[in-house]
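Visitor: I am new to this structure and would like to go through it in questions and answers. Please show it to me.

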There are 2 protein chains.
Amino acid sequence: MDVKTLCLGVLSCGSATGYEIRKQFDEGPFAHFYDAGYGSIYPALRRLSEDGLIEAVDAPGDQQRPDRKVYAITVKGRATLLAELMRDPAPDKVRSDFTFIAFFGHRLPPAHLDRLIDTRLALYRRMLDQMKGCDTPDMPPGERFVLGLGTAVYRAAADYLETHRHELIGAALPDDEAAD
Amino acid sequence: MDVKTLCLGVLSCGSATGYEIRKQFDEGPFAHFYDAGYGSIYPALRRLSEDGLIEAVDAPGDQQRPDRKVYAITVKGRATLLAELMRDPAPDKVRSDFTFIAFFGHRLPPAHLDRLIDTRLALYRRMLDQMKGCDTPDMPPGERFVLGLGTAVYRAAADYLETHRHELIGAALPDDEAAD
DNA sequence: CTCGCTATATATCGGCCCGATATATATCGG
DNA sequence: CCGATATATATCGGGCCGATATATAGCGAG
């Protein structure tokens, strides 16, 4: 699923500027399962415009900042999005530095591991709090479903870290001597 | 965490060819939380060799296939890996087509959603089975910890899909008419 | 009041990453 | 003995992304 399709998906929920699309992947409802930076979004918006899948409207009533471009999805764009959504999904891709480090946990100083897991647990709790707060009654079913799935996964990860952290830290090098 | 560090991590568990390193990310213990293709691994191995962090040994006793190069981590390589593991981990990056599609689930035909979730559940069950089977007593603590974390997360996701799928499918367009 | 910080907003560039592809051989089952 | 699969290395084009440049508005501290 390329960034063009991702932008189409965001714009199908309402018009937005490139900056606002980015925010959806940074803090908004897409943040937990997809990512896209400016370096991908602006080229994607240009190509989508060329193909007639979206249309740009220069911000009205704002003479002082003419740069602002609000993008809206077209009928052709909605059809293209729907076709993309019907295709078989590619396998998930995860890149987790935390997990990679934990894999070698028994070679690291226990104090460092302790701090690493504390930070991770704090992150999960912050995310769970934030997600609990944004469950409004007017939320579309798909968004609620995805939010619930994310909550369940983060909760499971946090629970595991709490109940199993001692197994990893207890197995780490007993003194703060050199690893391996 | 770049592919150079990932290769260093794999090689710190034992010497391997580029092909074998790839397999570790495809089917092996790293498959669930990191990924790396040939197009990244071979250039990374070349740079690691140039920097003296790994050493290549042409396969001994195999005159018929001289291409095979077995890479081994050096002392300098181990030190570099340890320094990388002590750095603050970058935030996780997830790219999940399945979740993106589910976000728009209420705009899709119920039959399609049903098939999508069935396939996903089958995937989770296959992974959980495979992970259960590879828990041997001689596994290092870090690897066991990471395996347990992955199991907990997949199980939570599968449970959620089973118990909440009707909420999404029930909310989808009641007939198989056009979306939106 | 103004300095600096943050937020809004667009855009590009170098470098990294990665899927697809080419090449070659061994092994194993039918 | 043929085809499929596994082992193994390598490259290329295209896509992606972090960092950076640019510009302005708004807001709070001093």
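Visitor: Is Glu167(A) buried, exposed or partly exposed?
Guide: This is a predicted model, in which local features need pLDDT of at least 70, side-chain atom pairs count only at pLDDT 80 or more, and totals for chains, interfaces and linings use all residues. Residues are numbered from 1 along each chain as its sequence is written, while chains are lettered from A and ligands numbered from 1 in the order in which they are written. A residue is buried with 20 or more other C-beta atoms (placed from the backbone) within 10 Å of its own, exposed with 12 or fewer, and partly exposed in between. Glu167(A) has 13 other C-beta atoms within 10 Å, so Glu167(A) is partly exposed.

Visitor: Which residues does Glu167(A) contact, leaving aside its neighbours within four places in sequence?
Guide: Glu167(A) is found in helix α7 of chain A; helices (H or I, at least four residues) and strands (E, at least two) are DSSP runs, numbered from the N terminus. Two residues are in contact if their C-beta atoms, placed from the backbone, lie within 7 Å. With those neighbours set aside, the contacts of Glu167(A) are Pro141(B) and Phe145(B).

Visitor: Which element gives the largest share of the side of chain A that touches chain B?
Guide: Contact joins 48 residues of chain A to 48 residues of chain B. On the chain A side, two or more residues come from each of α4 (75-86), β3 (93-95), α5 (97-103) and α7 (141-171). The largest share, 16 residues, is that of α7(A).

Visitor: Why do the copies meet through the same surface?
Guide: Chain A can be laid on chain B by a turn of 180 degrees and a shift of 0.0 Å along the axis, with an RMSD of 0.0 Å (superposed by least squares on the C-alpha atoms of residues with pLDDT of at least 70 in both). That is the relation of a two-fold axis. The copies meet through the same surface because the share of interface residues of chain A that are also interface residues in chain B is 100%.

Visitor: Which residue of chain A comes closest to the rotation axis?
Guide: The distance is taken at the C-alpha. At 2.3 Å, the residue of chain A that comes closest is Val94(A).

Visitor: Which residues are closest to DNA strand D?
Guide: A residue is near a strand if its C-beta atom, placed from the backbone, lies within 6 Å of it. α3 (38-50) of chain A, and α2 (18-26) and α3 (38-50) of chain B, each supply at least two residues of the surface near DNA strand D. Of the 20 residues that surround DNA strand D, the closest are Asp2(A), Gly37(A), Gly39(A), Thr17(B) and Gly18(B).

Visitor: Where do the buried residues of α3(B) fall, seen down its axis?
Guide: The buried residues of α3(B) are Ile41(B), Ala44(B), Leu45(B) and Leu48(B). They fall within an arc of 105 degrees (of the directions from the helix axis to the C-beta atoms), so they line one face of the helix.

Visitor: Which exposed residues does the other face of α3(B), turned away from its buried side, carry?
Guide: The cover over the buried residues of α3(B) includes α1 (3-11), α2, β1 (54-58) and β2 (69-73) of chain B. On the face turned away from that buried side, the exposed residues are Gly39(B), Pro43(B) and Glu50(B).
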